[in-house]
Amino acid sequence: QVQLVESGGRLVQAGDSLRLSCAASGRTISSRAMGWFRQAPGKEREFVAAINWGSSSPSYADSVKGRFTISGDNTKNTVYLQMNDLKPEDTAVYYCAAGPLFTTNQGYRYWGQGTQVTVSS
């Protein structure tokens, strides 16, 4: 099992920056790929970004390209999501996900509880 704990979500204003963190613990060998997803009120959960500890280049949703950056520290089993130029439409609960395979869909094996990001206009 892998446990994921997200942190860093809070209320910010449009144009602000925010960094989310996701710390993995447990059987982290099973979390070679990690990603971020988000779910806005009344909407389905959607892909935001993903990274592979191996070698694949990070992948991003079109809506966040150029504004968000995913990175990781595999010595700490932690993945980050740097979010710049935040917009009200970025308001959502952000979830960290992990699994053995890199993917942009929701097929990750492990999920965190989520952290709320609210962007005011």
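Mentor: To start, buried means under 20% relative accessible area, exposed over 50%, and partly exposed in between (1.4 Å probe, protein chains only). This model is predicted, so to speak: local features need pLDDT of at least 70, side-chain atom pairs count only at pLDDT 80 or more, and totals for chains, interfaces and linings use all residues. Residues are numbered from 1 along each chain as its sequence is written, and side-chain values use heavy atoms, with hydrogens and water left out.

Trainee: Got it. How many aromatic pairs does the structure hold?

Mentor: Four. Rings of Phe, Tyr and Trp (its six-membered ring) pair if their centres lie within 6.5 Å; planes under 30 degrees apart are stacked, over 60 edge-to-face, the rest tilted.

Trainee: Where in the chain are Phe-37 and Phe-47?

Mentor: Phe-37 is in strand E4 (residues 33–39) and Phe-47 in strand E5 (residues 46–52), ten residues apart, and the pair links distant parts of the chain. Strands are DSSP runs (E, at least two residues), numbered from the N terminus.

Trainee: Are those two Phe residues buried or exposed?

Mentor: Phe-37 and Phe-47 are both buried. Another edge-to-face pair is Tyr-108 with Trp-111, at 6.5 Å centre to centre and 90° between the planes. Tyr-108 is buried at 5% relative accessible area, whereas Trp-111 is partly exposed at 23%. Ring pairs join Phe-37, Phe-47, Tyr-108 and Trp-111 into a cluster.

Trainee: And which ring does the charged end of Arg-45 sit over?

Mentor: The ring of Trp-111, with the charged end 3.8 Å from the ring centre. Arg-45 also has its charged end over the ring of Tyr-95, 5.2 Å from that centre. The test is NZ of Lys or CZ of Arg within 6 Å of the ring centre and within 35 degrees of the ring normal.

Trainee: New topic: what order do the strands of the open sheet have?

Mentor: This sheet of four strands runs E1-E3-E8-E7, with antiparallel pairing (at least two DSSP bridges between two strands). At the edges are strand E1 (2–7) and strand E7 (68–73), each pairing on one side only. E1 pairs with strand E3 (residues 18–26) over six bridges; Val-2 has Gly-26 of E3 as its bridge partner.

Trainee: Last one: where is Asp-90?

Mentor: Asp-90 lies in the loop between strand E8 (78–83) and strand E9 (92–99). Asp-90 counts as buried because its relative accessibility is 0%. Leaving out residues up to four places away in sequence, Asp-90 touches (heavy atoms within 4.5 Å) Arg-38, Arg-67, Phe-68, Asp-85, Val-117 and Val-119.
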